[in-house]
Structures are given as structure tokens and as C-alpha cells.
Amino acid sequence: MLDNAQIKNADELEFAVFCIENIAKRLGKNAEDVYRLLTEKSDILNSYIIPEYEMLHTQSKEYIIDDIISLIEERGIQL
């Protein structure tokens with residue numbers, strides 16, 4: 001498991017918001033619910049999205065969203 005990471009700069013913050021908004025759009029949920037899912041119901045934001053920012057942000061939007069949704073499903077977290 002990756003170490004928890006805190007958002008260190010505006011690029012990481014913008015990427016986190018991008019991920020949350022696009023996952024919400026794909027799932028037909030509101031962004032607040034997706035934020036809770038990635039922080040309270042799981043630790044995916046700080047244990048995966050932020051630590052893997054350097055790799056993830058170079059991928060396509062579809063790849064990023066599919067990857068994170070797959071991780072949510074693998075962990076058995078209710079969408």
C-alpha cells in the first residue's frame with residue numbers, strides 16, 4: 001500500500017478536483033458524494049490519486065476515470 005500523501009501544490013489540487021468532478025459526472029452522482037467516497041468511505045484520494053499524480057496526470061481523462069472507478073470496485077466500496 002502506498003503511503004498517504006497530502007496535496008502539496010495547486011497542480012495536485014486541480015487534479016484532485018478534476019478526478020472528483022469527472023468521476024461524479026461518469027457515475028451520475030454529485031461531486032460532494034464522490035469526495036466523501038474517496039476520503040471518508042475509502043482513502044483513495046490520499047493513498048492513490050495524490051501519490052500517483054505524476055503518472056496519472058499524463059494519461060487520458062478516460063484512462064484516469066476508468067482506473068479510479070476500477071480501484072473503487074476492486075476495494076468493494078459502494079458507489
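Start by selecting helix α2, residues 31-39, in this predicted model. Colour Val34, Leu37 and Leu38, the buried residues of this helix. What do the buried residues of α2 pack against? Show α1, α3 (44-49) and α5, and you have the partners of those residues.

A side-chain oxygen of Asn30 comes to within 3.1 Å of the backbone nitrogen of Glu32.

Next, follow the chain into the loop between α2 and α3 and pick Ser42. Is Ser42 buried or exposed? With a relative accessibility of 10%, below the 20% cut-off, Ser42 counts as buried. Display its side chain together with the backbone of Ile44: the side chain of Ser42 reaches the backbone nitrogen of Ile44 at 3.3 Å. Leaving aside residues up to four places away in sequence, Ser42 touches Leu37 and Ile77. You have already coloured Leu37, as one of the buried residues of α2.

Now bring up two helices at once: α1, residues 10-27, and α5, residues 61-74. Their axes come within 10 Å and cross at roughly 75°. Angles of 65 to 115 degrees count as roughly perpendicular, and α1 and α5 are therefore roughly perpendicular to each other. To see the contact itself, show side chains on both helices. From α1, select Phe15, Phe18, Cys19, Asn22, Ile23, Arg26 and Leu27.

Glu12 has a relative accessible area of 5% and is buried. Where does its side chain find a polar contact? Show the backbone of Lys8: its nitrogen lies 2.9 Å from a polar atom of the Glu12 side chain. Then display the surroundings of Glu12, again setting aside residues up to four places away in sequence, and you will see Gln6, Ile7, Ile50 and Tyr53 touching it.

Key
Residues are numbered from 1 along each chain as its sequence is written. This is a predicted model: local features need pLDDT of at least 70, side-chain atom pairs count only at pLDDT 80 or more; totals for chains, interfaces and linings use all residues. Side-chain values use heavy atoms; hydrogens and water are left out. Axes are lines fitted to C-alpha atoms, for helices over the stretch in contact, and angles run from 0 to 180 degrees between N-to-C directions. Helices (H or I, at least four residues) and strands (E, at least two) are DSSP runs, numbered from the N terminus. Angles under 35 degrees count as roughly parallel, over 145 as roughly antiparallel, 65 to 115 as roughly perpendicular and the rest as oblique. Contact means heavy atoms within 4.5 Å. Buried means under 20% relative accessible area, exposed over 50%, partly exposed in between (1.4 Å probe, protein chains only). A polar contact is a pair of N or O atoms within 3.5 Å; within protein, one must be able to donate a hydrogen and the other to accept it, and residues adjacent in sequence count only if both atoms are side-chain atoms.
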